[in-house]
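Have the sequence and the model open as you read.

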Amino acid sequence: MGFLDRFKKNDVKNEPDLTFTNSIESEVLFSKATQCLQEKENEKAVELFDQLLKREPDNIHALNGKGSGLMQSGRIDEAEAVFNQSLNIRDNEMAYLNMAIINGNRGDFDKGIEYCDKVIALYPGLKDMAIGLKSTFMENKNKSMGSDLSQFNSEAQELISRANELKDKEEIWHDDRISELQPNAPEFRKVNEWKALGLYEAAIRKDPKCEALAVSSINEIKERLIKEFMFFDISQNEDFNPQREIDNLKLKAMMHIYNGDYTVAMAAVDQILTTIDENDLDALNYKGTLLFYFDEIDDAIKCFETIAGSGNGIYEFHGDFNKTFALRRKTMITGDAEYMVQALDIYDEMLKDPITFEKIKPYQREILDTLQEVMQVPLF
């Protein structure tokens with residue numbers, strides 16, 4: 001069963017507001033076309049949507065309906081062109097969702113995941129549906145990655161296989177030494193992202209031919225870590241006003257980061273910092289996260305240090321927290337464990353605050369475990 005068969009119930013024909021047209025005549029055409037879709041008369045539906053589009057060429061509901069009919073008829077390339085036409089008029093969830101399905105059916109799981117992420121970020125009402133679709137893409141992507149490993153040398157194969165297992169696995173630690181986390185259940189979960197990241201990069205060193213495959217997963221992990229930097233939605237601030245230039249730019253930057261459009265996001269952030277306020281903490285936080293993604297770690301650290309030194313409580317905390325991520329990454333790039341030790345010092349201070357204890361403890365523990373492996377001596 002293909003992706004289209006499994007998720008066709010989610011495509012445009014079930015969109016609740018498909019009756020938006022500009023005239024009674026158009027409404028009649030729309031109703032007939034939608035009925036044809038429901039009855040699997042796809043070619044007839046496309047015909048009727050085309051008649052409607054002659055009247056209203058920018059009607060995205062009609063475009064999405066036509067794309068759905070084409071997709072269900074197996075005319076995938078034509079459907080893709082129509083959904084792109086819909087998106088050129090304005091962003092809309094059903095075009096994004098159907099584009100995700102099209103790319104999933106083609107086996108382009110990265111592209112399918114990208115479209116799912118847009119739905120998740122922009123349309124909360126379809127979040128669960130998009131997450132389910134994304135999970136299927138990620139599962140199939142991992143399977144396809146595993147089947148392609150034979151082209152690499154044995155060391156790279158082993159490293160990538162271990163990284164694939166760790167990337168989406170939650171590990172449970174059961175250890176009396178950390179019983180203070182949950183007095184009645186001394187275990188907690190941690191995603192093994194840092195370890196997987198290191199394994200992918202080690203695989204590239206062992207066999208450069210695996211770089212494209214490994215970098216895809218490396219970027220996926222860095223995108224996950226970036227979500228940790230997005231410590232709040234600036235649109236929820238009491239004084240947020242999208243009519244103000246600076247807030248409008250911040251909103252654009254935030255949405256572009258959520259959508260993975262990092263270069264565009266950086267342009268918006270730089271516009272704030274160069275023309276409006278060079279010390280804006282939100283812009284500096286976004287810039288630091290983007291620099292982290294691009295592995296420009298020293299500049300990212302400078303951004304986070306400025307935020308941490310601002311004297312603003314919540315920004316001070318998150319500036320320090322984000323700096324530890326950058327320091328952890330710098331150790332991976334340089335091989336110098338001293339940067340991990342610096343991060344550990346910051347975590348030790350943070351752990352004194354009972355409010356943030358459970359958020360910080362897993363990251364501190366990951367560094368302690370890694371340092372113990374490197375130094376080959378017990379650290380606690």
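How do the axes of helix H10 and helix H16 cross, and within what distance do they come? This is a predicted model, so take every value here as computed from it. In it, the axes of H10 (residues 193-206) and H16 (residues 313-334) come within 11 Å and cross at roughly 30 degrees. That angle is under 35 degrees, so H10 counts as roughly parallel to H16. The crossing of H10 past H16 is right-handed. On the H10 side, the contact is made by Trp-194, Leu-197, Gly-198 and Glu-201. H16 brings Phe-325, Arg-328, Arg-329 and Met-332. Sorted by class, this contact of H10 with H16 has four nonpolar residues, one polar and three charged.

**The chain as a whole**

Stepping back for a moment, the chain has 18 helices and two strands. It runs to 380 residues, and 51% of them count as buried. If you take contacts between residues at least 6 apart in sequence, 58% join residues at least 24 apart.

As for cysteines, the structure holds zero disulfides. Two cysteines are still worth a look. Cys-210 is buried, with a relative accessible area of 0%. Cys-303 has a relative accessibility of 9%, and since buried means under 20%, Cys-303 counts as buried too.

H16 passes H17 in a left-handed crossing. From H16, the residues in this contact include Phe-317, Phe-321, Thr-324, Phe-325, Leu-327 and Arg-328. Among their partners in H17 are Tyr-339, Met-340, Ala-343, Ile-346, Tyr-347 and Met-350. The contact of H16 with H17 divides into ten nonpolar, four polar and four charged residues. Phe-325 and Arg-328 turn up in the H10 contact and again in the H17 contact.

Then there is helix H5 (residues 76-89) with helix H6 (residues 93-106), where the angle is about 150 degrees and the axes are 9 Å apart. That makes H5 roughly antiparallel to H6, and H5 passes H6 in a left-handed crossing. In H5, Ile-76, Asp-77, Ala-79, Glu-80, Phe-83, Asn-84, Ser-86 and Leu-87 make the contact. They meet Ala-95, Tyr-96, Asn-98, Met-99, Ile-102 and Arg-106 in H6. By class, the H5 and H6 residues are eight nonpolar, three polar and three charged.

| Helix pair | Angle | Axis distance |
|---|---|---|
| H10 and H16 | roughly 30 degrees | within 11 Å |
| H5 and H6 | about 150 degrees | 9 Å |

Is Phe-83 buried or exposed? Phe-83 sits in helix H5 and is buried, with a relative accessible area of 0%. Setting aside its neighbours within four places in sequence, Phe-83 is in contact with Asn-64, Gly-67, Ser-68, Met-71, Ala-95, Asn-98, Met-99 and Ile-102. Phe-83 and Leu-63 are 20 residues apart in sequence, with 6.9 Å between their C-alpha atoms.

Glu-228 belongs to helix H11 (residues 211-229). With a relative accessible area of 26%, Glu-228 is partly exposed. Its contacts beyond four places in sequence are with Phe-321, Asn-322, Phe-325, Lys-359 and Tyr-363. Glu-228 and Phe-321 are 93 residues apart along the chain and 9.2 Å apart in space, C-alpha to C-alpha.

Last, have a look at two loop residues. Lys-40 lies in the loop between helix H2 (24-38) and helix H3 (42-55). Its phi is near 65 degrees, a positive value in a residue other than glycine. Lys-40 is partly exposed at 43% relative accessible area. Asp-295, in the loop between helix H14 (281-293) and helix H15 (297-308), has a positive phi of about 60 degrees although it is not a glycine. Asp-295 is partly exposed, with a relative accessible area of 28%.

How values were computed:
Residues numbered from 1 in each chain as written. Predicted model: local features only at pLDDT ≥ 70, side-chain atom pairs only at ≥ 80, totals over all residues. Heavy atoms only, no water. Disulfide = S-S within 2.5 Å. Buried < 20%, exposed > 50% of the residue type's maximum accessible area, 1.4 Å probe, protein only. Axes fitted to C-alpha atoms, helices over the stretch in contact; angles between N-to-C directions. Helix = DSSP H or I, 4+ residues; strand = E, 2+ residues; numbered from the N terminus. Parallel < 35°, antiparallel > 145°, perpendicular 65-115°, else oblique. Left-handed = near helix turned anticlockwise from the far one by under 90°. Contact = heavy atoms within 4.5 Å. Nonpolar A, V, L, I, M, F, W, Y, C, P; charged D, E, K, R; others polar.
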